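Biologist: I am new to this one. Could you show it to me and take my questions in turn?

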Amino acid sequence: MKKILIFEEDIVFSFILKRTLEKLGYSAVVANNEANVRNAFVDEKTFDLFLFDTGEDVANVDFLQKIRDENPTLKIIISAGFIIGKWRKFKIQGLLMKPYTIQELDLMLKNIFSEKTDTNILFSH
């Protein structure tokens, strides 16, 4: 079972997303702040994918860079309500534009885990 770490500051949405991912057949861990993300990497050791919601805080982009630097092979999907100008530098596998559907998330995850997206970025919408 693939393990996904969710970084989402909206607590209610993060648990809805966690339950959705579990229904889709994934194991999911929620982290609502940077400290919880770091603790999750210490406690769980490895994740197959990091689902990163950028929120409105530009500092989150710097945090994502730190995560990428520390985990160079980690698959990453950015979830955002706006376009991030420098998203390519993070070597992400997907960009989900909010609002997105369960079907878009499911398709993106299936494509990423099937290794069909080795060098291509998947977009929702």
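Biologist: How many salt bridges does the structure hold?
Modeller: This is a predicted model. Side chains of opposite charge can pair when their charged atoms come close. A salt bridge here needs a side-chain nitrogen of Lys or Arg within 4 Å of a carboxyl oxygen of Asp or Glu. The structure's count of salt bridges is 6.

Biologist: Which residue forms a salt bridge with glutamate 44?
Modeller: The closest N and O atoms of the pair are 3.3 Å apart. That is within the 4 Å limit, so the pair counts as a salt bridge. The partner of glutamate 44 is lysine 3.

Biologist: How many residues apart in sequence are the parts that glutamate 44 and lysine 3 tie together?
Modeller: Glutamate 44 lies in helix H2, residues 34-44. Lysine 3 lies in strand E1, residues 3-7. The pair therefore ties together parts whose separation in sequence is 41 residues.

Biologist: Is glutamate 44 buried, partly exposed or exposed?
Modeller: Buried means under 20% relative accessible area, and exposed means over 50%. Glutamate 44 has 33% relative accessibility. It therefore counts as partly exposed.

Biologist: What separates lysine 18 and glutamate 22 in helix H1?
Modeller: Their side chains meet in a salt bridge, 2.5 Å from N to O. Both residues are in helix H1, residues 11-23. They are 4 residues apart, so the separation is about one helical turn.

Biologist: Which residue meets lysine 98 in a salt bridge at 2.5 Å, N to O?
Modeller: Lysine 98 lies in the loop between strand E5 (94-97) and helix H4 (102-113). The partner lies in strand E3, residues 49-53, so the pair ties together parts that are 45 residues apart in sequence. That partner is aspartate 53.

Biologist: Is aspartate 53 buried or exposed?
Modeller: Lysine 98, its partner, is partly exposed at 31% relative accessibility. Aspartate 53 has a relative accessible area of 7%. Under 20% means buried, so aspartate 53 is buried.

Biologist: Which residue is linked with Asp53 and Lys98 in a network of salt bridges?
Modeller: Asp53 and Lys98 meet in a salt bridge. The network also takes in a glutamate.

Biologist: Now the whole chain. In what order do the elements run from the N terminus on?
Modeller: The secondary structure comes to 4 helices and 6 strands. From the N terminus on, the order is β-α-β-α-β-α-β-β-α-β.

Biologist: What percentage of the residues is buried?
Modeller: The protein has 125 residues. A residue is buried when its relative accessible area is under 20%. The buried share is 48%.

Key:
Residues numbered from 1 in each chain as written. Predicted model: local features only at pLDDT ≥ 70, side-chain atom pairs only at ≥ 80, totals over all residues. Heavy atoms only, no water. Helix = DSSP H or I, 4+ residues; strand = E, 2+ residues; numbered from the N terminus. Buried < 20%, exposed > 50% of the residue type's maximum accessible area, 1.4 Å probe, protein only.
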